[in-house]
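The tour goes from one selection to the next.

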Amino acid sequence: MASAVFLIVISNTAFNAGVSLNSAFLSELAKPEAFGKVSGWGWSFGYLGGIVSLAACLLIVFEGQKAGLPADVYVPYTAMSTATIFFVMALPMLSYVKERSTPKNISFEKTFKRIRKESADSFRLLKRYPEFLKFCACGLFYQAGIAVVITLSAVYAQLVMKFTTAQTISLILVVNITAAIGAFVFGYVQDRLGHKKTLALTILLWIIMGVMAAFSQGPVTFWIAANIAGVAMGSSQSAGRAVVAVFAPAGELAQFYSAWNVAVWGANVLGPITYGTVTWLTSGDQRTAILVTTLFFAIGLLILRRVHLPNKTLA
C-alpha cells in the first residue's frame, strides 16, 4: 500500500509538472491570432487519446471478467496499458518538436537554488500582473466546478440517476467525444470571437449544465446535461490555456503557466471537498451539492467580467 501511494504521488507530481511545460509550448507553436485554434487542437486530441486509453482498459477488464479472473490479477494491466499509451503518444513530441530556448549548463546545486528563486518569482509576478491574478482567481472557481464533474459525475449518475455500470461507461465515452468536438470547434470560435468572450460562453454552458443536472428527473435530460458538460469541458480548458498565453510575456511562459496550474490544483481540492461537505451536511443530498457546484461557475464568471486582457483584440 505504501509503495502504491508513493508511486501515485510521484506520477501525479511528474504529470502536473509536465502539464505546465507542455502548456508553455503554446506561444512557441502558434501565433497570437491562432492561440485558440492550436490550444483547441491539443485538448481535442487529448480527449481522443483518453477514449483510446479507456477503451483499452475496458477491453482488459471485460476479458479478465470473461476468463473468471479475480480483479487483482487483471486490473494492474489497465495501469500498464495506460502508461504504454502515454509513452507512445509522447514520442513524436519528444522526437520532433524543437524548442527555441537554449538550455543552460549549471550545477545540480545551482539548479535547485534557481528553482527556489523562480518559484518565489512565480508568486511575485501575480503582484506585478494584477489582471492575471484576477484571472487565476477566476480559474480557481470555474475549475473547481470542472473538478467536481470530472471526479464525481459517475457517482452522481449511479446514485442519483440510477444509471447501471454499462450506462455510466457509455455516458463517459460519449462525453469524451463531445469534449473533443467542443475543444476543436471552440478553438476556432476563440480566434474569431475572442478568448474572454468564448470562455464566458463556455462558463454559461457549465451553469446551464449544473442546473439541468440538479433538476433532472429522467435519463434524457441528464444525457443532455452531460453532453453540454462535455462541450463546455473541452472548450473551457482550451480557452483557459490560451488566455494564459495572451498574458505571458516572452521569457516568462513557464512561470505564468506554473501560477495558473497552482490555481487549477487548488481547484481540484476545493471542488470535490466542497461537494463532499455539502453532501455530508445534507445527509446525502447530491442534488443540492451539484447546485452548490454551479455557484463556482457563477463566481468564476463574475470575476472574469472584471478581467482585462493585455491585448484588447483578443478579448
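Which residues are buried in α11? Before selecting them, note that this is a predicted model, in which local features need pLDDT of at least 70, side-chain atom pairs count only at pLDDT 80 or more, and totals for chains, interfaces and linings use all residues. Residues are numbered from 1 along each chain as its sequence is written, and side-chain values use heavy atoms, with hydrogens and water left out.

Select residues 286-305, which form helix α11. Helices here are DSSP runs (H or I, at least four residues), numbered from the N terminus. Now colour Gln286, Ala289, Ile290, Thr293, Thr294, Phe296, Phe297, Gly300, Leu301 and Leu304: these are buried (under 20% relative accessible area with a 1.4 Å probe, protein chains only; exposed is over 50%, partly exposed in between). Look down the axis of α11: the buried residues fall within an arc of 150°, so they line one face of the helix. The arc is that of the directions from the helix axis to the C-beta atoms.

Turn to the face away from the buried side, where Leu295, Leu302 and Arg305 are exposed.

Next show α6 (130-159), α8 (195-215) and α10 (253-281), which are among what covers the buried residues of α11.

Stay with α6 and select Lys134 and Glu131, which lie 3 residues apart, about one turn of the helix. They form a salt bridge, with the closest N and O atoms 3.0 Å apart (the rule: a side-chain nitrogen of Lys or Arg within 4 Å of a carboxyl oxygen of Asp or Glu). Lys134 is partly exposed, at 28% relative accessible area, and Glu131 is partly exposed, at 21%.

Note on methods
Helix = DSSP H or I, 4+ residues; strand = E, 2+ residues; numbered from the N terminus. Expected span 1.5 Å × (residues − 1). Contact = heavy atoms within 4.5 Å.
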